[in-house]
Structures are given as structure tokens and as C-alpha cells.
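Here is a short note on the model, arranged as numbered points. Please read each point against the coordinates.

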Amino acid sequence: MLFGLILGSCLTIAGIFIYKIYDENRYKKRLAIEKLIREIEARNTLNQKIIEILNRPIAGDDTDLISPQNDVKVPFYDYNFLKNYSSMYNLYLPTYYLNTFFKKLSHHLAVFDDEQDLKNGGYIFKESRPIFENFSIEITDDIETKKRALNQAQNIYPALLKRQHYDI
């Protein structure tokens with residue numbers, strides 16, 4: 001009877017340990033999937049805003065300042081949205097994309113007086129349409145790779161989720 005009690009307690013401890021490992025791996029998988037979903041959503045919102053900026057019609061007053069094939073006019077609120085959104089979601093957006101994008105844009109900014117900028121209603125970036133289009137293509141490609149990674153993460157269980165030890 002004593003042997004049965006010891007064997008039962010050992011089996012119970014082993015079962016609890018196995019369940020703990022299983023539960024931990026399930027939790028890690030769920031966190032990995034949630035992070036991938038947030039990354040996809042953040043990139044998708046950013047891409048939609050870039051496409052919205054590119055597809056915005058040019059008013060008749062702006063045709064003397066802006067060439068629709070080469071130049072992009074970004075209203076103040078859209079530019080502030082891009083800056084704030086990239087800083088708010090910096091955990092889910094790759095910073096090197098955004099840094100290179102804003103660096104390239106800074107080289108194409110048409111400099112006007114403050115009064116002229118207010119009259120224009122936004123910033124004008126000369127010959128920057130290819131920069132916006134290429135950035136949109138990069139984001140779209142990145143969304144597709146994240147979707148493939150999400151499908152793999154949902155189908156493959158323990159390969160992603162090896163135990164990680166952090167030195168703090």
C-alpha cells in the first residue's frame with residue numbers, strides 16, 4: 001500500500017509537470033500568434049494610409065506647384081498621423097522601414113514659408129511618388145510574409161515554442 005501511495009504521488013507530480021509544460025507552450029503559441037496578428041494589422045493600417053495619400057486628388061490650385069505623376073502632397077494631419085502611428089506601434093512596425101522612409105522623404109521636401117505651407121494645407125514632396133509607392137510595395141510584401149508565418153505558427157505547434165531562458 002505504501003508503494004502504491006508513493007507511485008501514485010510520483011505519477012501525479014509527473015502529470016502536473018507535463019501539463020505545466022503543455023500549458024506554457026500553448027500560452028507561448030497564443031502570444032506568438034497574437035503578436036503576428038497585431039503586426040499584420042499595424043502594417044495594413046499604415047499601408048492603407050499611404051495608399052490614401054497617393055490616391056488623393058489634386059485640387060486645381062495645386063497644379064502649378066505639384067506634378068501629379070511625380071510629386072505628393074501630404075496634408076498636415078496625414079503626416080502627423082504617419083509620425084504618431086509609427087511611434088505608437090513601434091513594437092509592431094520595423095523601425096528601419098520607417099527611418100529610411102522618413103529619411104528619404106526629408107530629402108524631397110519642398111521648402112516654403114510657413115504662410116505658404118499653411119496656404120497649401122500640407123507638405124509637398126517633390127519627385128517622391130516612387131518613394132511612397134515602393135514603401136507601399138515593401139509593406140505589402142512584409143504583410144504577405146507575416147501571413148505565411150501566421151499560417152505556419154497556427155499549424156506547427158512546438159517548433160516555434162522552445163523554452164527560452166533570459167539573462168536579466
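1. Buried means under 20% relative accessible area, exposed over 50%, and partly exposed in between (1.4 Å probe, protein chains only). Glu127 is exposed, at a relative accessible area of 56%. Although not a glycine, Glu127 has a positive phi of about 50°. Glu127 belongs to the loop between strand E2 (122-125) and helix H5 (129-155); helices (H or I, at least four residues) and strands (E, at least two) are DSSP runs, numbered from the N terminus.

2. This is a predicted model: local features need pLDDT of at least 70, side-chain atom pairs count only at pLDDT 80 or more, and totals for chains, interfaces and linings use all residues. Residues are numbered from 1 along each chain as its sequence is written, and side-chain values use heavy atoms, with hydrogens and water left out.

3. The structure holds 10 aromatic pairs (rings of Phe, Tyr and Trp, its six-membered ring, with centres within 6.5 Å; planes under 30 degrees apart count as stacked, over 60 as edge-to-face, the rest as tilted). Phe81 and Tyr85 form a stacked pair, 5.3 Å centre to centre with 20° between the planes. Both lie in helix H2 (residues 76-88), four residues apart. Phe81 is partly exposed at 30% relative accessibility, whereas Tyr85 is buried at 8%.

4. Phe101 and Phe135 are also stacked, at 4.1 Å centre to centre and 15° between the planes. This pair links distant parts of the chain, with Phe101 in helix H3 (residues 95-107) and Phe135 in helix H5, 34 residues apart. Phe101 and Phe135 are buried.
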